[in-house]
Protein chains: 2
Amino acid sequence: MSDAARLTLTTVEGEGLRFAVHTGRFMMTLDSGREAMAASPVQAVLAALGGCSGMDVISILRKKRQQVTGYAVELTGERAAEHPRVYTRIEILHRVTGHGVSPAAVADAIRLSDTKYCSVHAMLAASVEIVSRFEIEEA
Amino acid sequence: MSDAARLTLTTVEGEGLRFAVHTGRFMMTLDSGREAMAASPVQAVLAALGGCSGMDVISILRKKRQQVTGYAVELTGERAAEHPRVYTRIEILHRVTGHGVSPAAVADAIRLSDTKYCSVHAMLAASVEIVSRFEIEEA
C-alpha cells in the first residue's frame, strides 16, 4: 500500500513559503516564516505524532470498555539549535477524562501504541527521544 | 527552542478518530478511518516532508536568482504491510517551472535541503529510504 501527497507553492511571487497540500481526498496548508497562515512542517510532524498516538490510545480504551468522556494529547518538542533543526526530545501527555478509567488500561494502551501500532512514533523514535505519560481525571 | 501541539478528540462518542489540533497560532484537523474528513497522521507526515523540503528548495532557488514561475512537490510513500505501518520508502519529485532555470541550481538546492536544512528529512531518514529527483519545465 502507498500514500501520495502533492504540494503546490501558492506564493510563487515574493518571499512566501505557503504550500497547498492535497493528500488522498483531503487538503491542508503548510506555511512558514513571519507571516505564516498555517502550521509549519515540523509543527505538522508534532501534530501527526500526537494524532497517531491518540487514535491508537482511544481505540484501545474503547476496546477495553473504558468510559472515556474527554481526551486530549499535549506534546512539547525540543528542537536542536543547529541545522537541521530536528526535534531532540518530544514529550507526549495523554489527558484522559472519564468514569472510573483504569490507570493500568491507559498505561497499556500507551505502551501498545508506542511499541507496536503507531507508525509515526516508530519512524521518529529512530532519531528522537520520545517520552509518554498520562493523567486521568474523573468526569 | 521548542514547539507545542494540543490535540482534542472531537469524536468522543461513537467510533470516530477525529482530533482538532492547535499548534502555535494555528489549527488543523487529523482524522482516520472510513468516514475521515481530514488527512491521517501518516499522510500529514508525508505532507510535512514535502513542505519542509519544498520550502528549503524554493528559498535556495530564490537566493540563486532563478526565475521560478511555478513549483510543485509530489511524494509517494510505500508503507509496510505489518504494524507499525511505517513508510519504508518515500520518493520526492520536485517539479519546477520557470524561465531558464538551471538544473545544477535545482540539484544543489535539493542536495542542501536533504543533507543540511530539512529537519523532517533528517528525522525520517534515520528509518526511511528517501529518494529525491526533479523535473524542470520551461514557462
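Student: What percentage of the 139 residues of chain A count as buried?
Tutor: The model is predicted: local features need pLDDT of at least 70, side-chain atom pairs count only at pLDDT 80 or more, and totals for chains, interfaces and linings use all residues. Residues are numbered from 1 along each chain as its sequence is written, and chains are lettered from A and ligands numbered from 1 in the order in which they are written. A residue is buried if 20 or more other C-beta atoms lie within 10 Å of its own, exposed if 12 or fewer, and partly exposed in between, with C-beta atoms placed from the backbone. Of the 139 residues of chain A, the share that counts as buried is 45%.

Student: How much of the contacts in chain A with a separation of 6 or more comes from residues 24 or more positions apart?
Tutor: Two residues are in contact if their C-beta atoms lie within 7 Å. The C-alpha atoms of the chain fill a box of roughly 55 × 35 × 35 Å along the principal axes. Among contacts with a separation of 6 or more, residues 24 or more positions apart account for 50%.

Student: Which element gives the most residues to the side of chain A that touches chain B?
Tutor: The interface has 63 residues of chain A in contact with 64 residues of chain B. Elements giving two or more residues to the side of chain A that touches chain B include β1 (2-9), β4 (67-79) and α2 (103-117) of chain A. With 14 residues, the element that gives the most is α1(A).

Student: What kind of axis relates the two copies?
Tutor: Superposition is by least squares on the C-alpha atoms of residues with pLDDT of at least 70 in both copies. A rotation of 180 degrees, with 0.0 Å of shift along its axis, brings chain A onto chain B with an RMSD of 0.0 Å. The two copies are therefore related as by a two-fold rotation axis.

Student: What percentage of the contact residues of chain A recur in chain B?
Tutor: Both copies use the same surface. The share of contact residues of chain A that recur in chain B is 100%.

Student: Which residues of chain B does A:A47 touch, leaving out those up to four places away in sequence?
Tutor: A nonpolar core is a set of buried Ala, Val, Leu, Ile, Met, Phe, Trp, Tyr and Cys residues joined through C-beta atoms within 7 Å. The largest one has 82 residues, and A:A47, A:A48, B:A47 and B:A48 touch the most other members. A:A47 touches A:A39 and, in chain B, B:A5, B:L7, B:V21, B:T23, B:M28, B:L30 and B:A44.

Student: Which residue of β6(A) is the bridge partner of A:H94?
Tutor: Another open sheet of 6 strands runs β6(A)-β5(A)-β4(A)-β1(B)-β2(B)-β3(B). In it β5 and β6 of chain A pair in the parallel sense over 10 bridges. The partner of A:H94 is A:F134.

Student: Which residues does A:S132 contact beyond four places in sequence?
Tutor: A:S132 is in strand β6 (residues 129-138) of chain A. A:S132 counts as buried because it has 20 C-beta neighbours inside 10 Å. Its contacts beyond four places in sequence are A:I92, A:I110 and A:D114.

How values were computed:
Helix = DSSP H or I, 4+ residues; strand = E, 2+ residues; numbered from the N terminus. Pairing = 2+ DSSP bridges.
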